[in-house]
Amino acid sequence: MDNKKAIDDFLKAKKLTREELELFKDIIQETKDREEQITQLSRQARESCVRLFAEINIFFEKTAILSRTLAQTLDEMETNYLRSLPADRFYRE
């Protein structure tokens, strides 16, 4: 668990007696179970973030393509509009 002491490390450091281990066995097991849950949930969260960032990148790429396409379309529409104007309404230098 990335630089954090796990329950086993804590128990080794405290050097509990057999009686103390037996007394706290339910709490120790619950803590081990929660450590495992935290490890799994952390892994899932990291994987979800990786997928999310990949999807965001795809979104930005598609948005950029859409923006360029819209700008090109607008330019073509303006060009076509100017070409369709009668000569007497279109000012030329």
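**Close-up views of a predicted helical chain**

**View 1. Lys 15 sits in the loop between H1 and helix H2 (18–23).** The model shown here and in every view below is predicted. Phi of Lys 15 is near 50°. That is a positive value in a residue other than glycine. Lys 15 counts as exposed because its relative accessible area is 68%, and the cut-off for exposed is over 50%.

**View 2. The whole chain is built from helices.** The chain has three helices and zero strands. Read from the N terminus, its elements run α-α-α. Helix H1 covers residues 7–14. Helix H2 covers 18–23. Helix H3 spans residues 25–84. Along the principal axes, the C-alpha atoms fill a box of roughly 105 × 20 × 15 Å. The radius of gyration of the chain is 33 Å, whereas a compact globule of 93 residues would have one near 12 Å. Buried residues account for 6% of the 93 residues.

**View 3. A salt bridge joins Lys 32 to Asp 8.** The side chains meet at 3.3 Å, N to O. This pair links distant parts of the chain. Lys 32 is partly exposed, as its relative accessible area is 31%. Asp 8, at 36% relative accessibility, is also partly exposed. Side chains of opposite charge can pair when their charged atoms come close.

**View 4. Arg 34 pairs with Glu 30 in a salt bridge.** The closest N and O atoms of the two residues are 2.5 Å apart. Both residues lie in helix H3. Because Arg 34 and Glu 30 are four residues apart there, about one helical turn separates them. Glu 30 has 39% relative accessibility, so it counts as partly exposed.

**View 5. Further along helix H3, Arg 43 forms a salt bridge with Glu 47.** Here the closest N and O atoms lie 3.5 Å apart. The spacing is again four residues within helix H3, so Arg 43 and Glu 47 are separated by about one helical turn. Arg 43 is partly exposed, with a relative accessible area of 38%. Glu 47 is partly exposed too, at 36% relative accessibility. How many salt bridges does a search of the whole structure find? The search finds four, among them the Arg 43 and Glu 47 pair.

**View 6. Five residues make a nonpolar surface patch of about 530 Å².** The patch consists of Leu 52, Phe 53, Ile 56, Phe 59 and Phe 60. Ile 56 is found in helix H3. Is Ile 56 buried or partly exposed? At 30% relative accessibility, Ile 56 counts as partly exposed, since the buried class is under 20%.

**View 7. Ser 42 lies in helix H3, and its distance to Ile 27 is marked.** Ser 42 and Ile 27 are 15 residues apart along the chain. Their C-alpha atoms are separated by 22 Å. Ser 42 has a relative accessible area of 31%, so it is partly exposed.

**View 8. Glu 76 is also found in helix H3, with its distance to Asn 57 marked.** Along the chain, Glu 76 and Asn 57 are 19 residues apart. The separation of their C-alpha atoms is 29 Å. Glu 76 counts as partly exposed because its relative accessibility is 41%.

Key. Residues numbered from 1 in each chain as written. Predicted model: local features only at pLDDT ≥ 70, side-chain atom pairs only at ≥ 80, totals over all residues. Heavy atoms only, no water. Patch = residues over 30% accessible without salt bridge, like charges linked within 9 Å, V, L, I, M, F, W, Y side chains within 5 Å. Areas by Shrake-Rupley, 256 points an atom, 1.4 Å probe, with all protein chains shown as cover. Helix = DSSP H or I, 4+ residues; strand = E, 2+ residues; numbered from the N terminus. Buried < 20%, exposed > 50% of the residue type's maximum accessible area, 1.4 Å probe, protein only. Rg over C-alpha atoms; globule rule 2.2 N^0.38 Å.
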